[in-house]
Amino acid sequence: MIPSAYDGWMRLALDQAGLALPSGDVPVGAVVVDAAGQVIGRGHNSRERDGDPTAHAEVVALRSAAAALGSWRLSGTTLVVTLEPCTMCAGAAVLSRVDRIVFGAYDDRAGAVGSLWDVVRDRRLNHRPEVIAGVLEDASRALLLDFFAGHRAPGP
């Protein structure tokens with residue numbers, strides 16, 4: 001496999017995903033990178049910990065980046081996330097004007113960046129970020145499979 005230019009940032013997102021585990025949150029992590037390649041936002045799922053239905057990794061990272069920049073407009077940035085964003089997170093990425101979304105594992109149940117829906121490429125919207133999918137997909141998928149294997153009831 002040829003390394004992607006995004007592998008390093010995805011590894012940082014995977015590190016963030018691991019931070020969700022102690023609170024029982026689904027291990028999804030995200031980072032926002034500026035045009036110079038500096039990480040300006042980090043986040044991991046914290047819905048369980050915070051009791052906040054909007055505390056998805058992407059939203060947390062986008063909020064962190066907006067605070068760092070002092071603006072909600074995140075033009076010139078890249079959102080790197082371990083799992084394909086859901087409709088809420090895809091919408092947040094569009095509304096924050098990120099230039100690019102990079103994700104690891106596809107989400108056939110709730111993905112909104114090409115799997116189930118394709119929010120970010122909807123021509124009716126005023127902003128359409130570039131999408132790069134499947135970066136370190138196996139590592140991202142394995143983290144989720146391990147998590148959910150530990151949460152399923154044993155079979156008969």
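**View 1. F103 is a buried residue in this predicted model.** The relative accessibility of F103 is 0%, so F103 counts as buried, since buried means under 20% relative accessible area. The ring of F103 pairs with the ring of Y106.

**View 2. Y6 and W9 form a tilted aromatic pair.** The structure holds three aromatic pairs. In the pair of Y6 and W9, the ring centres are 6.0 Å apart and the ring planes stand at 45°, so the pair is tilted. Y6 has 17% relative accessibility and therefore counts as buried. W9, at 22% relative accessibility, counts as partly exposed.

**View 3. F103 and Y106 form an edge-to-face aromatic pair.** Here the ring centres lie 5.1 Å apart and the planes meet at 85°, so the pair is edge-to-face; planes over 60 degrees apart count as edge-to-face. Y106 has a relative accessible area of 43% and is partly exposed, whereas F103 is buried.

**View 4. The largest pocket holds about 590 Å³ of space.** Its lining is made up of 23 residues, and the closest to the pocket centre are V26, L83, D107, L144 and F148. By class, 13 of the lining residues are nonpolar, two are polar and eight are charged.

View 5. Helix 5 gives the most to the lining, with four residues.

Note on methods:
Residues numbered from 1 in each chain as written. Predicted model: local features only at pLDDT ≥ 70, side-chain atom pairs only at ≥ 80, totals over all residues. Heavy atoms only, no water. 1 Å grid on protein atoms, 1.4 Å probe; cavity = no way out; pocket = protein on both sides within 12 Å on 5 of 7 lines; lining within 4 Å. Points joined across faces, edges and corners; volume = space filled by probe spheres on them. Helix = DSSP H or I, 4+ residues; strand = E, 2+ residues; numbered from the N terminus. Nonpolar A, V, L, I, M, F, W, Y, C, P; charged D, E, K, R; others polar. Phe/Tyr/Trp six-rings, centres within 6.5 Å; stacked < 30°, edge-to-face > 60°. Buried < 20%, exposed > 50% of the residue type's maximum accessible area, 1.4 Å probe, protein only.
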